[in-house]
Amino acid sequence: MSARPNIDVSNLPTFAFGHRPLTWWCTWSLILMEGGMFVVLFATYFFLRTPVPDWPPGVNYPRLFWGTVNLVVILLSCVPNHWAKKAAEGLDLRGVRLWLLVMIGFALAATVIRFVEFGYLNCRWDQNAYGSVVWVSMGAHLLHLVTDLLDTIVLLALFVIGPIEGKRFVDASENALYWYFVVALWVPLYVVIYWVPRWM
Amino acid sequence: MRMSWRVLLCFCVGFAFAACSNANKDGGPAAAPQPKSPQATRLPTGAQSAGEQEDGQWLMPAKNYASTRFSGLNEINAENAKALKVAWTFSTGVNRGHEAAPLVVGDTMYVVTPYPNILYALDLKNPGSVKWKYEPDPAAAAQGVACCDLVNRGAAFADGKIFYNTLDAHTVAVDAATGKEVWKTQVGDINKGETVTMAPIVVKGKVLVGNSGGEFGVRGWIQALGAADGKVVWKAYNAGPDSDVLIGPDFKPFYAKDQGKDLGVSTWPPDAWKIGGGTVWGWISYDPDLNLIYYGSGNPGPWNPDARPGDNKWTCSVIARDADTGAAKWAYQVGPHDLYDWDGINESLLVEIPFNGQQRKVLVRPERDGYVYVIDRATGEVLSAEPFAHLTATKGVDLKTGELAHVEEKKPGTGKVVRDICPAAPGAKDWEPSAFSPQTGLVYIPHQNLCMDFEGVEANYIAGTPYVGANVKMYAGPGDGHRGEFTAWDPVAQRAVWKINERFPVWSGAVVTAGDVVFYGTMDGYFKAVNARTGEVVWQFKVGSGIIGQPVVYKGPDGKEYVAILSGVGGWSGAIVAGGLDPRDPTAALGYVGAMGDLPDYSTKGGMLYVFSLP
Amino acid sequence: MPGRKEDDRAERAASLEAARTDIEALRAYAAGVDAARTDDLLADDIADEHERRALAKTWGDGPGFWGWLASTNHKTVGRRFIYTAFGFFILAGILAVLMRVQLARPESRFLNPDLYNQIFTMHGTTMMFLFAVPVMEAVAVYVLPLMLGARNIAFPRLNAFSYWVYLFGGVMLWVAFVLNVGPDAGWFSYVPLSGPEYGAGKRVDFWAQMITFTEVSALCVATEIITTFFKMRAPGMSLNRVPVYCWSVLVMAFMVFFAMPTIAWASACLMMDRLIGTHFFNPAEGGDPILWQHLFWFFGHPEVYIIFIPGTGFVSTILSTFSRRPIFGYTALVLALVSTGFIGFGLWVHHMFATGLPRMGESFFTGATIMIAIPAGVQIFCWIATLWGGRPVFKSPMMFVLGFFFIFVIGGMTGVMQGAVPVDLQVHDTYFVVAHFHYVLIGGAVFPLFGAFHYWFPKVTGRLLSEKLGHATFWVMFVGFNLTFFPMHILGLRGMPRRVYTYQPNLGWGDLNMLASAGGVLLTLGVLLFIVNALRSLRAGALAGDNPWGAATLEWATSSPPPAYNFLRPPTVDSRDTLWTQPADQPVVIGLRSDVREVLVTRALDAEPDLKTEFPDSSIWPLLAALATTAMFIGTIFTPWALPVGMLPVFVTLTGWFWPKKKRLAEERPPEEVKEKHGERWLKLQEQES
Amino acid sequence: MRLARRLAIVFWAAAAALTSASCMREERGFRVSPPPSGRVQTVRLTDFQPGPAQPPEVTQNAYEENAYAVSEGKRLYEQMNCVGCHFHGGGGIGPALMDAHWIYGSDPSQIFSTIVQGRPNGMPSFRNKLNDDEVWKIAAYVRSLSGQVAKDVAPSRSDDMSGPPPESATEKKPPVKSGGIPKSAEMPK
Amino acid sequence: MPSQSALSPAGPQAGRIISLWWMMFYVTGAVFLIVMAFLMAALVRRRRPYGGAAADVPDVRPEPSGERRMSHVVLTGVALTVVILFVFLVRSYVTGRALDSLHEQDHLTVKVVGHQWWWEVSYDNATAAYTVTTANEIHIPVGRPVLFKLSSTDVIHSFWVPNLHGKTDLVPGHENVTWLKADREGVYRGQCAEFCGHQHAHMAFTVVVEPYEKFKAWYDAQLAAAQEPSTESQKQGRQVFLSSPCVMCHTVRGTDAGSRVGPDLTHVASRGTLAAGTLENTRGHLAGWVVDSQQIKPGNRMPPNNLEPADLQALLDYLQSLK
């Protein structure tokens with residue numbers, strides 16, 4: 001009917017990795033908005049910190065041990081996470097299954113350690129504004145740990161039960177990307193919670 | 001023996017203090033902890049002074065007019081004190097905090113209980129038996145206006161009568177022999193929040209009494225009642241116009257800040273002095289040579305300093321008055337515009353010590369603000385003021401102006417929690433009286449190691465209800481969580497010689513004897529004998545309840561030396577136990593509960609007299 | 001569900017109409033050409049009809065009530081969104097009328113202060129959170145995919161979810177209000193008034209939780225908009241060919257991204273202060289009420305632009321269509337939008353000039369505030385230039401845009417005045433400000449929105465609105481609006497603070513207030529006229545046809561109302577004003593499957609075809625997930641344990657949402673690089689599956 | 001269909017309950033008449049009685065259902081200096097109010113009487129100094145200190161120093177009716 | 001009735017602000033008119049028809065020369081906007097600086113504490129005994145700068161006397177300051193400008209600007225304790241005051257009443273208004289206020305008082321004697 005060629009898209013791929021699929025945009029949207037939330041959280045922390053002569057106010061410095069342990073665990077998790085992402089992008093079903101399992105282990109460990117961390121904190125959330133902001137920031141990160149943990153579990157279940165789809169590998173890749181974000185959140189958070197009181 | 005003791009001291013103590021010593025100008029290492037000679041510090045002469053023959057009696061809570069709580073008895077000494085045993089005990093039947101010192105007159109012991117202020121006369125010849133009992137039946141409602149438990153700090157004996165105060169603001173005189181009431185005078189009004197908890201002192205036929213209620217918006221006063229009839233001889237307020245404060249032409253304060261006309265009015269917002277506190281619920285000393293009485297006035301009301309701009313004279317002041325007329329001789333305001341409830345009611349130890357090479361008649365005051373003030377007792381000049389406790393809120397006293405320098409960021413205000421204020425509201429040392437031994441030249445200070453968070457809130461004056469306007473939370477000061485300390489202080493060298501840490505605030509008084517033993521009790525119920533020179537705990541005994549009383553030392557009818565102490569935890573610090581308070585509220589009892597949450601695990605209430613002697 | 005039946009009927013009528021005209025045209029054409037060719041054409045036509053039916057089956061909502069609940073079509077959801085937001089607009093408008101009745105006379109006893117406080121809080125809250133932002137998102141949800149030539153919005157299930165969450169949040173707030181638990185601390189809920197000590201009960205908690213609901217909803221929609229904008233444009237629609245309106249909603253979406261997390265965090269802090277005793281805003285324990293103001297206004301000011309920027313998009317669209325020429329200064333307009341988006345974040349402090357902040361900082365924010373007038377000026381000038389160079393047609397949408405000019409410019413001028421700290425200190429929190437922001441928001445957003453309603457009504461319903469009634473609506477609203485709000489400028493300068501439930505007779509404010517109240521009645525009448533017009537047209541309006549205005553953007557390239565799949569064959573684009581410039585044989589996209597919901601994903605910058613992605617079917621899970629989320633959110637008003645416990649059903653429903661249907665791998669095509677690198681693995685996977 | 005009808009019934013019942021409950025919870029009547037206080041003047045301080053037992057008198061304080069009234073009670077508790085003796089529930093000069101021990105009874109009318117009449121061991125009488133309405137509000141707040149009031153009604157933390165957990169977070173314990181003798185003041189007379 | 005309007009300034013600050021505002025008003029007004037003129041012109045101007053086709057055929061490719069001309073005009077418009085805005089910015093900055101330049105040695109310091117819903121006013125003095133506390137009525141001497149220290153004990157309020165200056169918030173946890181100076185004698189009304197709860201609408205106060213001598217006389221009178229009752233009825237009234245709920249909230253210096261919950265009543269009869277500027281201070285209003293304040297100002301903190309008629313009259317006698 002037409003003189004000009006129509007665009008036939010029937011041979012286009014149905015999934016891809018990187019910034020091409022829609023999921024990537026969704027993940028980055030999540031990262032952006034939650035990252036924004038954490039930026040505000042840091043701003044709150046320093047806003048509250050500024051007028052106070054002694055920080056933390058009226059309590060000791062937070063003890064470093066468990067926070068640091070968690071930092072190490074979370075940083076170490078980048079390695080299996082890298083492999084998980086690699087495996088997903090290589091459509092390596094067994095690799096994906098394996099590394100997702102390992103990642104579940106890491107996320108679980110980090111979550112458990114987080115609860116221990118709460119137990120060792122230097123004050124309660126209802127003691128003063130310092131306690132509030134510290135508890136809530138750690139709680140917010142815990143929420144990310146838990147949601148990513150659940151997410152990973154479901155993903156693994158999908159890879160075990162099936163059906164195996166191409167976009168499932170994309171999901172696994174995006175899941176790994178999101179975990180990097182969770183890791184990247186904890187590093188400044190760790191510094192702010194455990195070291196800023198000592199430095200500033 | 002004495003030589004070996006010196007060597008020991010040299011090694012054990014002198015070594016430890018040599019590094020920081022500034023008193024061993026003669027170069028002798030052993031000289032550091034010990035004054036040059038016992039004679040260098042001489043007690044003032046007076047009716048009850050140690051200069052006279054020690055008669056083994058205990059006629060007033062402070063033992064003598066100089067308030068040194070030094071007993072010349074030496075049967076019990078640092079060596080044998082470890083053998084002390086209970087001689088006898090006596091239950092008072094009252095459960096509140098027992099802060100009183102028993103009196104010993106002849107072969108009778110007189111014990112005043114907290115509210116309901118029962119006076120027991122106990123026969124020392126038949127230990128523990130009650131000769132007679134006097135019940136003044138104070139108004140029960142007075143319990144509602146007693147800020148910090150229903151305590152009584154003791155009675156005084158003179159002219160065959162026992163004088164003491166009841167919680168409902170009456171002073172009574174009781175015939176010491178028969179227990180019959182001689183007179184009873186109402187000195188204050190509980191409907192305005194006035195109570196009386198202090199121990200009176202009898203000077204030249206006059207009973208000196210002051211009121212409590214600084215937390216209720218009362219107006220502080222001291223009055224003299226005729227010992228014979230209970231009639232008011234003179235009455236001096238601690239705030240208001242000069243005529244009320246008995247400030248006349250003889251009034252010569254040393255510092256410019258305390259000079260001026262009607263400062264008791266002009267340093268207050270209009271009419272605030274009428275409800276501004278400045279009570280006299282602590283100790284009064286008397287110098288017969290100068291014929292002056294010395295006392296400190298309590299905190300201004302309310303606690304929230306925003307509600308009362310100005311210096312708030314004459315609260316938190318040391319005041320010297322003529323004993324006969326009450327006319328003020330000098331005054332020194334220790335804490336102008338008090339920020340932290342640091343009453344100035346602590347005892348004044350009247351001693352003579354060398355200062356800059358010359359003997360001076362001074363009064364030594366371990367103050368609530370954490371400094372030991374050495375003040376010339378004739379002029380009111382502050383000779384030295386050195387801290388004996390951990391301080392964060394102040395930076396020292398300027399001896400030129402007499403000003404206490406505050407740390408700006410620790411100044412409290414309305415609606416703002418200021419943290420880590422040390423010392424806390426009870427101060428570095430509260431009412432618990434210290435003792436001075438002319439033999440060691442040391443002042444033995446029972447005190448606290450507490451800090452606090454403080455928030456000023458709007459205070460509403462409603463007569464008969466608390467007028468505080470502050471939320472307070474106290475907690476242990478720096479260290480391992482210990483909240484009490486017992487410090488031996490060298491007033492000449494102006495430094496601590498030794499220090500004992502206690503789990504709870506040391507809320508009991510101290511006594512020191514010629515046997516070089518210091519006695520004090522702890523709130524977890526230990527009565528302790530300590531070597532006065534080394535601070536070594538020689539002996540301790542767990543009594544029934546926490547101790548907040550004042551130990552006394554006397555010679556029994558059998559000629560033996562006895563030590564007596566009332567146990568029965570309570571007071572401000574022990575209110576959590578005495579009042580059955582809830583530890584979940586750290587602000588309870590004006591914030592003291594915050595620091596005392598574990599006291600119920602260590603002590604229960606119950607009043608009991610314990611008398612100890614060597615077997 | 002009368003609305004739905006209506007839609008169906010209109011849809012059917014329109015498609016029949018289209019089919020009839022097509023066939024007639026074909027017949028006429030066939031008469032002139034040879035038979036074989038005609039057969040070919042008819043065969044094409046029949047194939048098209050098959051395709052249509054297949055697509056309609058694939059993309060249509062499921063049957064019955066269940067299908068209605070499960071719909072994920074952006075037009076269905078968008079319509080619901082618009083109707084709901086408009087419903088809230090009416091409710092909030094009723095509250096406004098109540099307030100004007102109360103304020104018409106001094107010391108009036110019509111409302112007590114408690115009820116008045118709830119009413120003005122509800123009015124502001126509903127207008128800002130439940131009407132203005134959602135309605136802008138809603139129109140975007142409806143229009144954007146059409147304008148970009150897409151079959152649906154990206155993440156359609158998320159879209160459905162965001163609607164439900166928004167609906168439940170709004171309903172929760174209003175139910176609370178009806179139950180006398182309406183928030184009463186003003187729409188910006190300043191602590192400590194809204195804090196645990198002074199905001200007794202659960203009133204403020206419902207407010208704060210409503211924020212969370214609309215929050216979640218807005219962020220979801222922003223995600224969809226951004227993804228749709230970048231990845232689902234018609235082939236050929238490179239970034240410099242995107243209609244200005246699409247740019248405006250993109251900027252809006254990005255602003256939502258950066259503004260909303262702040263208010264989410266702030267309202268979470270507020271809730272925690274109230275529920276579990278944290279101290280974020282307790283000045284005694286190291287918190288600070290000023291922190292709330294910073295957090296709130298860091299969101300609150302951009303919020304105004306979130307509302308206003310899509311409004312400018314409407315203006316540009318309508319203006320271009322009815323000036324009968326391309327918009328003047330496309331690049332300048334887009335840059336102005338983007339820079340407004342940026343500057344919008346730099347001036348929140350001008351809401352806080354009276355709080356005693358350092359003067360230095362204030363000067364900076366004065367500068368920023370005044371600066372934002374520059375992009376606004378650029379837009380105004382470009383629009384006037386568009387008019388200048390065009391031939392204006394005064395249809396009703398255009399009237400609203402012209403009204404917008406008058407009102408918005410006044411609002412902008414008073415805005416500049418308030419940017420100056422000294423002036424702000426006087427007029428802040430007075431009726432001058434009330435007048436100003438109603439000029440800006442009603443002028444800048446509601447008038448363009450009503451223009452947009454009039455403009456796209458034929459597209460959505462297939463029927464034209466009455467022009468007569470449309471003009472009447474405009475004039476009544478315009479006069480009513482100015483009568484209501486202009487006197488408020490004077491009232492403010494004469495000392496009347498805002499948020500007073502009454503005022504004293506001897507202050508001399510009575511007459512102007514009476515005038516304003518009278519104007520309010522007129523304004524209400526105008527809105528009523530619009531409703532009458534819309535209802536009448538739904539039944540008896542003239543059929544619109546595909547492109548009644550002769551507009552240039554792609555949404556007019558399909559039937560009115562558009563079919564479930566939007567375009568039989570997704571269009572391609574070769575210019576900005578594509579319908580005006582494209583040749584009759586503009587290529588279309590073919591090769592998308594019609595048996596599943598396959599869509600074309602294009603590249604972010606040049607919009608070249610990149611992937612085919614299969615969209616999920618309609619699903620009830622988004623609704624269930626929204627219900628679970630609602631339960632959790634409402635629960636956390638009462639107990640913190642609702643969060644961990646409530647997460648469980650949310651988790652379950654989300655798992656259900658994402659759980660795939662069983663299907664064959666063979667239909668999938670990995671991209672070239674995957675095939676090259678991992679071809680064997682891919683084949684093995686395929687074998688395993690089959 | 002039956003199911004639907006049942007569901008509808010449940011829904012409307014729940015809605016009705018919610019309506020009545022929540023309207024009261026948040027109502028702010030500024031000119032309300034307080035619960036009747038005539039009977040309160042003769043309130044019993046003990047359940048012990050000669051002859052056959054009578055059912056215990058239990059009164060309702062409508063303000064305990066009303067968050068605003070309880071918050072007003074909290075304000076009055078502070079401003080009328082109740083806080084000076086009882087502090088934030090932990091007690092001091094007066095007994096603790098957040099524990100389960102009630103010397104003069106935990107019933108609203110008993111608390112009302114205690115405030116109005118005063119009690120011999122130091123509790124002043126507020127007769128004529130507070131009007132009944134205010135006393136009922138304070139009584140409601142006092143009960144919230146020990147968790148006797150619904151959590152969505154009880155106040156949350158104040159904008160002050162953090163003390164005990166907020167009233168809305170205080171666990172409810174059934175009151176111990178020790179009666180008569182202050183726990184803190186068993187002493188000979 | 002006192003004036004409350006930013007349009008009739010009585011002090012240098014309000015004067016500067018309003019002149020800045022008028023300047024902006026004229027300039028923006030002119031801009032508005034010009035923009036509207038262009039708009040109207042664009043709507044009505046005659047055009048060449050597009051390529052001779054039907055009226056609604058769009059002009060897809062407008063003539064480039066016309067477009068260029070228009071872009072020049074637009075650019076000029078934008079440039080002019082920038083210039084005008086810059087002028088505004090500078091002028092605003094200069095005015096802002098001038099507003100803060102009242103720091104003089106010889107000033108009065110007044111502390112204002114916001115309460116729901118009244119104003120506590122106290123005059124600072126180096127000598128504490130000369131601090132005066134009153135409520136809802138501020139007297140200041142004409143021509144002398146006054147430093148206001150503003151704080152709040154409950155929620156945020158805003159201190160605003162439109163005739164004298166813009167507003168400054170009273171924020172709990174902060175102490176804000178503002179300077180005022182009045183050039184004209186008179187009585188000016190101020191009002192809380194930040195929403196603060198039920199009775200935000202009735203939280204006003206008056207600023208009485210008077211010559212220094214009159215101010216001084218007022219100040220001295222305020223310093224004195226309350227007048228002793230001189231008649232039997234007044235004595236009875238005082239008794240009523242002290243034995244009723246009044247004493248729980250109010251201060252009358254010189255008596256046992258010393259609470260700070262409500263306004264200080266030591267000199268209540270000298271004030272012009274009652275209930276934070278809600279009512280004129282007349283006997284009838286006072287009676288109504290005492291008996292049933294919730295009718296007048298629903299939600300305020302004053303409880304209703306059910307007084308016997310005789311007691312009420314005595315109380316009114318007493319209160320009215322507190323000059």
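I began with the residue classes: Ala, Val, Leu, Ile, Met, Phe, Trp, Tyr, Cys and Pro count as nonpolar, Asp, Glu, Lys and Arg as charged, and the others, Gly among them, as polar.

The model is predicted, so local features need pLDDT of at least 70 and side-chain atom pairs pLDDT 80 or more, while totals for chains, interfaces and linings use all residues. Residues are numbered from 1 along each chain as written, chains are lettered from A in the order written, and side-chain values use heavy atoms, without hydrogens and water.

Next I looked up cavities (on a 1 Å grid over the protein atoms alone, sets of points where a 1.4 Å probe fits but cannot get out; lining residues have an atom within 4 Å of a point). Points are joined across faces, edges and corners, and the volume is the space filled by probe spheres set on them. I found 14 cavities of 30 Å³ or more.

The largest cavity holds about 720 Å³. Its lining has 42 residues, and D:H86, D:G94, D:P95, D:L97 and D:M123 are the closest to its centre. By class, 22 of the lining residues are nonpolar, 16 polar and four charged.

The second largest cavity holds about 270 Å³. Its lining has 25 residues, with B:C147, B:C148, B:R153, B:E215 and B:W281 closest to the centre. I sorted this lining into ten nonpolar, seven polar and eight charged residues.

Last, I checked chain contacts (heavy atoms within 4.5 Å). Chains A and E have no contact, and their closest C-alpha atoms lie 11 Å apart.

Technical notes:
1 Å grid on protein atoms, 1.4 Å probe; cavity = no way out; pocket = protein on both sides within 12 Å on 5 of 7 lines; lining within 4 Å.
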